[in-house]
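The sequence and the model are shown first, and the description follows.

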Amino acid sequence: EAVAIPADMPPEIAWITKLILADSSKPDLYYERAKAYLDLKDGNKALVDIFKAIKLKPEESKYYVAQGDAYLLVGNARQCKSALEQ
């Protein structure tokens with residue numbers, strides 16, 4: 001059963017979401033969507049996706065950089081520092 005993409009979802013998020021719905025096992029898709037959310041200044045949604053990416057591929061350092069960016073965006077400097085140290 002297909003999951004509908006909300007009509008109000010920004011196009012830069014919608015196309016990545018379609019790819020994730022087609023194959024949710026690729027951590028880079030979550031990373032790309034997290035970066036798109038960061039561009040839209042939505043740190044909380046970025047964090048949700050970056051956690052999924054890290055869970056799928058914890059050894060990927062660029063995910064932790066994005067996580068740090070998201071923490072900074074939501075005003076959590078301590079968590080930002082911790083993410084970057086990982």
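Gly68 counts as buried, because its relative accessibility is 0%, under the 20% cut-off for that class. The model described here is a predicted one. Gly68 has its place in helix 4. Leaving out residues up to four places away in sequence, Gly68 touches Cys80 and Ala83. The C-alpha atoms of Gly68 and Ser82 are separated by 7.8 Å, with the two residues 14 residues apart along the chain.

Gln67 is also found in helix 4, which covers residues 61-73. Gln67 is buried, with a relative accessible area of 6%. Apart from neighbours within four places in sequence, Gln67 is in contact with Leu47, Ile50, Phe51, Ile54 and Ala83.

The side chain of Asp49 makes a polar contact of 2.5 Å with the side chain of Arg33. Arg33 is also among the residues that Asp49 touches beyond four places in sequence, together with Tyr30, Ala34 and Tyr37.

| Residue | Relative accessible area | Class |
|---|---|---|
| Gly68 | 0% | buried |
| Gln67 | 6% | buried |

Next comes the nonpolar core. In soluble globular proteins, nonpolar side chains tend to be buried together. Which residues of the largest nonpolar core touch the most other members? They are Tyr31, Ala46, Ile50, Ala53 and Tyr63, out of 24 residues in that core. At least two residues of this core come from each of helix 1 (11-22), helix 2 (27-39), helix 3 (43-56), helix 4 and helix 5 (77-85). Helix 2 gives the most, with 7 residues. Tyr31 touches Ile50, Ala53, Lys62, Tyr63 and Ala66, when residues up to four places away in sequence are not counted.

The last topic is a pair of helices. The axes of helix 1 and helix 2 come within 10 Å and cross at roughly 165°. Helix 1 is therefore roughly antiparallel to helix 2, as angles over 145 degrees count as such. The crossing of helix 1 past helix 2 is left-handed. On the side of helix 1, the contact is made by Glu12, Ile13, Ile16, Thr17, Leu19 and Ile20. On the side of helix 2, Leu29, Tyr30, Glu32, Arg33, Ala36 and Tyr37 take part.

Note on methods. Residues are numbered from 1 along each chain as its sequence is written. This is a predicted model: local features need pLDDT of at least 70, side-chain atom pairs count only at pLDDT 80 or more; totals for chains, interfaces and linings use all residues. Side-chain values use heavy atoms; hydrogens and water are left out. Helices (H or I, at least four residues) and strands (E, at least two) are DSSP runs, numbered from the N terminus. Buried means under 20% relative accessible area, exposed over 50%, partly exposed in between (1.4 Å probe, protein chains only). Contact means heavy atoms within 4.5 Å. A nonpolar core is a set of buried Ala, Val, Leu, Ile, Met, Phe, Trp, Tyr and Cys residues joined through side-chain atoms within 4.5 Å. A polar contact is a pair of N or O atoms within 3.5 Å; within protein, one must be able to donate a hydrogen and the other to accept it, and residues adjacent in sequence count only if both atoms are side-chain atoms. Axes are lines fitted to C-alpha atoms, for helices over the stretch in contact, and angles run from 0 to 180 degrees between N-to-C directions. Angles under 35 degrees count as roughly parallel, over 145 as roughly antiparallel, 65 to 115 as roughly perpendicular and the rest as oblique. A crossing is left-handed if the near helix is turned anticlockwise from the far one by less than a right angle, and right-handed if clockwise.
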